[in-house]
Amino acid sequence: MGTARQDGSHRFISMADVAERAGVSQQTVSRVANNQPNVSEPTRRAVQRAMDELGFRPNFAGRSLRSGRYRSVGLCIYNITEFGNLSTLDGIMTASREHGDAITMMEMGSNDPVSLARMTKRMLSLPVDAMIMSMSIKAEDFDSFRPSPGLGTVLLTMYEHPHCTTVDSDQYGCSTLVMDHLLSRGHRQVRFVAGPPYSVDSNFRERGWRDALEARGLDVVEPLRGDWTADSGYDAGAALAADKAATAVYVANDQMALGVIAALEDAGRSVPDDVSVVGVDDSLTASVPHNRLTTVRFDLFSRGRRAFEQALLGASPNYRVQHIRIPGTLIERQTVR
């Protein structure tokens with residue numbers, strides 16, 4: 001149990017070296033290194049000083065063998081810069097800090113297939129006690145996947161899995177919030193601008209919009225589709241400007257909603273006097289002054305925190321799989337008449 005010398009030589013600093021420098025036994029050094037009791041405070045300080053002077057670092061593998069835990073949770077994610085991922089990561093990191101654990105993060109490449117088995121195989125080569133896998137696209141092996149026994153596994157997705165706990169913002173429920181809001185204000189011709197067809201979030205939001213209309217016997221006009229960008233929203237808004245029957249547009253994210261509003265107003269249609277517009281994710285406040293878009297805000301921090309907590313719990317033998325959906329909050333501003 002030891003570490004390489006700080007001067008770059010290959011001889012490892014051992015507990016014996018630390019014990020000799022501090023004038024104590026190797027057993028005492030072991031107790032200090034593993035934060036065990038039965039060491040006086042002066043002795044603990046002397047050992048710690050010797051460790052610092054020699055550049056000693058306890059061997060992580062040896063410590064994990066004694067404790068039965070690596071004290072690290074793996075996180076496998078695609079596109080860390082995607083909106084929502086950073087806030088979710090903040091929740092995961094905060095929870096890990098509170099538990100005294102580390103996060104071992106692995107970002108999958110954009111060209112890597114979305115495979116739960118592949119992500120698990122890569123993560124199992126690392127010292128982790130549990131793992132969280134982010135899945136904005138449904139994995140090709142989702143239905144056949146089985147988690148590794150004894151490894152708490154949480155999927156960040158709306159799809160329910162029979163053998164893994166899933167945690168996500170309620171992408172279907174956010175549409176219920178939006179549609180209840182619009183319908184209660186008399187809107188009966190509500191169009192939808194969807195995200196990319198591969199997006200799990202967009203597909204659930206579209207399903208919620210469609211179900212709300214069908215449940216009331218209202219017209220369902222097939223949605224236009226964008227790619228999450230404001231420019232694609234502008235293209236959809238330009239097409240919707242000619243739809244004189246539409247009184248409201250529900251857009252699958254705020255960036256596209258901004259584009260829809262710009263196109264409608266460029267075509268001479270006022271928002272909200274002529275057409276109401278609602279987005280999802282409340283992502284514009286930091287970049288758009290006087291943001292007036294009505295939208296749905298998700299608690300992405302809680303999404304990360306709860307995923308971490310469930311991952312740790314999932315390693316226990318009596319753990320039962322859960323499907324946790326965190327509701328959004330409707331943020332009313334000035335784009336709904």
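1. Leu213 is buried, with a relative accessible area of 0%; buried means under 20% relative accessible area, exposed over 50%, and partly exposed in between, with a 1.4 Å probe and protein chains only. The residue sits in helix H8. Helices (H or I, at least four residues) and strands (E, at least two) are DSSP runs, numbered from the N terminus.

2. A note on the source: this is a predicted model, in which local features need pLDDT of at least 70, side-chain atom pairs count only at pLDDT 80 or more, and totals for chains, interfaces and linings use all residues. Residues are numbered from 1 along each chain as its sequence is written, and side-chain values use heavy atoms, with hydrogens and water left out.

3. What does Leu213 contact, leaving aside neighbours within four places in sequence? Its partners are Met179, Val190, Leu218, Asp219 and Val220, where contact means heavy atoms within 4.5 Å. Leu213 and Leu183 are 30 residues apart in sequence, and their C-alpha atoms are 9.2 Å apart in space.

4. Helix H8 covers residues 200–215, which makes 16 residues. From first C-alpha to last, H8 reaches 22 Å, close to the 22 Å expected at 1.5 Å a residue; the expected span is 1.5 Å times one less than the number of residues. The buried residues of H8 include Val200, Phe204, Trp209 and Leu213, and also charged residues such as Arg205, Glu206 and Arg210. Their cover includes helix H7 (173–184) and the strands E8 (190–194), E9 (224–225) and E10 (248–251).

5. Arg303 belongs to helix H11 (residues 300–313). Is Arg303 buried or exposed? Arg303 counts as buried because its relative accessibility is 10%. Not counting residues up to four places away in sequence, Arg303 touches Thr88, Leu156, Val167, Asp168, Ser169 and Ile326.

6. Some backbone details deserve a check by eye. The peptide bond from Val271 to Pro272 is cis, with omega near 15 degrees. Pro272 lies in the loop between helix H10 (254–266) and strand E11 (276–278).

7. Asp281 is not a glycine, yet has a positive phi of about 115 degrees. Asp282 is not a glycine either, and its phi is positive at about 50 degrees. Asp281 is in the loop between E11 and strand E12 (295–297), and Asp282 is also placed in the loop between E11 and E12. Asp281 is buried at a relative accessible area of 13%, and Asp282 is buried at 12%.

8. The protein chain as a whole has 11 helices and 14 strands. Its radius of gyration is 26 Å, whereas a compact globule of 337 residues would have a value near 20 Å. This radius is taken over C-alpha atoms, and the globule rule is 2.2 Å times the number of residues to the power 0.38. Along the principal axes, the C-alpha trace spans about 85 × 45 × 35 Å.

9. Of the 337 residues in the protein chain, 48% are buried. Among contacts with a separation of 6 or more, 67% are between residues 24 or more positions apart.

10. The accessible surface of the protein chain is about 16,200 Å², and 49% of it belongs to carbon and sulfur atoms. Accessible areas come from the Shrake-Rupley method with a 1.4 Å probe; for residues, only the protein chains shown count as cover.
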